[in-house]
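Here is a friendly note to go with your first look at this structure. Please keep the view open while you read the points below.

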Amino acid sequence: MILALAWVSRIVEAALGMPSVADVSRPEWDRNPVGATGNSLVSIIVPARNEEESIEQALNTLLALDYDNYEVIAVNDRSTDRTGEIMERVAGNLQSGEPQGQNPHLSQKTREIEGHPGSRLHVVHHRELPAGWLGKTHAMWTATNLARGEWLLFTDADVMFKPESLRRALAYAEAEKADHVVVFPRMIMKRPGEYMMIAFFQTMFMFGHRPWKVADPKARDHMGVGAFNLVRRSVYEAVGTYERLRMEVVDDMKLGKVVKNAGFAQRNVFGADLISVRWAKGAMGVVDNLTKNFFAVLSFQWWRTLLSAFALAFINLGPFLGVWLAHGWARVPYAVALGSMFLIYMGMSWRSGVPPYYFLLHPVSTVLFIYTLLRSMALTLWNDGIVWRGTKYRLEELRRGMV
């Protein structure tokens, strides 16, 4: 009965609440933003470490935006591959159509190119990481110190933008008088394992977070997504900038948390394929991506991790086991829980493109997520910290830097 109530209550609440979450890909948002001082300058921050596979395409999609007042600040964070070289080539192509042949290895080198209508590209190279910072948060903090925009858009180096994405999101932000806007990205999935794991992740995200409550100032629900965090600069500075989040592994969600807790207006919206990202390659790619995050999400506390693993098993495996092992009418509550779970998969299929029949693999993805949770804890404790993009961060520092 507990399982039935848990799943039914969530599907009912989602059915009532999700229609209130706006979709900026709809025709009514295909317009120019109207700010208090005209078209506001937007600074787009792109931190990148060893992103040679995606950085060129990502930057080119940003430089093709149809908004007429923005700059892009791309930060090469100590990359050991060709990321910095590719950034320089993109910047050089804007200026003359040819690579400029300039040295891409100067520390903290910043270059401004004004060769693309309505955009400026700044390339920054970091050679060293100061103590007390994660590489990504340091990159974003230094970029914002260079930024001139009234709005700051934090995104990742593997995110692809459609030309109208920023214009639509900013039109919504100005119309709603929002201080922080999150656009959910379209997940690019190519393998069955990716569909299975991302479907489970989205189901649990829906179960644990309530996107329809983010706009409610009385609710504690908050949101942050690394692919698209658009925040007013005045708000960013009021909550302490990324200096406050300098050791946060899940910095995107924590930015959302500090903005919401400070009483500013936060919104999350759908955007269809306005922005898209391939999050991982295969099921084990999802496992690897989440291994560094899961223990951090649970504040690096082993007892919370074990309780969460048990809760995941109970909530997600319980209905399947109950229908199989129970007899007669005792099966009904488990069947109701399974039916509610399937309806969530149906609802997600309309937005994410995951076919609802992946519901049948829900037990498999549950086991893999529990494994990921326990693996994250075990590796972090064993290594006394996490290794992220080739840099080790000690557990004591991570715990001390948590918001």
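Which residues line the second largest cavity? The answer comes in point 2.

1. Before you start. This is a predicted model, in which local features need pLDDT of at least 70 and side-chain atom pairs count only at pLDDT 80 or more, while totals for chains, interfaces and linings use all residues. Residues are numbered from 1 along each chain as its sequence is written, and side-chain values use heavy atoms, with hydrogens and water left out.

2. The second largest cavity. The residues that line this cavity are M247, E248, V249, K254, A296, F300, L398 and M402. Its volume is about 30 Å³. Six of the lining residues are nonpolar, none is polar and two are charged. A cavity here is a set of points, on a 1 Å grid over the protein atoms alone, where a 1.4 Å probe fits but cannot get out; lining residues have an atom within 4 Å of a point. The volume is the space filled by probe spheres set on the points, which are joined across faces, edges and corners. For the lining classes, Ala, Val, Leu, Ile, Met, Phe, Trp, Tyr, Cys and Pro count as nonpolar, Asp, Glu, Lys and Arg as charged, and the others, Gly among them, as polar.

3. The largest cavity. The whole structure holds two cavities of 30 Å³ or more, and the largest has about 50 Å³ of space. Its lining includes K136, M140, F154, Y242 and D251. Helices α4 (135-146) and α8 (251-261) are the elements that each give two or more residues to this lining; helices are DSSP runs of H or I with at least four residues, strands are runs of E with at least two, and both are numbered from the N terminus. The lining divides into four nonpolar, three polar and four charged residues.

4. A nonpolar patch on the surface. W302, W303, L306, L307, L374 and L381 form this patch, with about 610 Å² of accessible area together. Helices α10 (302-325) and α12 (362-383) each give two or more residues to the patch, and α10 has the largest share, four residues. Patch residues have over 30% relative accessible area and no salt bridge, and nonpolar side chains (Val, Leu, Ile, Met, Phe, Trp, Tyr) are joined within 5 Å. Areas come from the Shrake-Rupley method with a 1.4 Å probe, and only the protein chains shown count as cover. W303, in α10, is partly exposed at 44% relative accessible area; buried means under 20%, exposed over 50%, and partly exposed in between.

5. Salt bridges. The count is 28, each being a side-chain nitrogen of Lys or Arg within 4 Å of a carboxyl oxygen of Asp or Glu. E51 pairs with R389, the closest N and O atoms being 3.0 Å apart. Because E51 lies in the loop between β1 and α2 and R389 in the loop between β12 (385-388) and β13 (391-394), this pair ties together parts 338 residues apart in sequence. E51 is buried at 13%, whereas R389 is partly exposed at 40%. D77 and R78 also form a salt bridge, at 2.8 Å, and both are buried. R10, E13, R210 and D221 are linked in a network.

6. Backbone angles. Most residues other than glycine have a negative phi. N50, however, has a positive phi near 55°, and T241 has one near 60°. N50 lies in the loop between β1 (42-48) and α2 (55-62), while T241 is in the loop between α7 (233-238) and α8. N50 is partly exposed at 28%, and T241 is buried at 17%.

Technical notes: Patch = residues over 30% accessible without salt bridge, like charges linked within 9 Å, V, L, I, M, F, W, Y side chains within 5 Å. Buried < 20%, exposed > 50% of the residue type's maximum accessible area, 1.4 Å probe, protein only. 1 Å grid on protein atoms, 1.4 Å probe; cavity = no way out; pocket = protein on both sides within 12 Å on 5 of 7 lines; lining within 4 Å.
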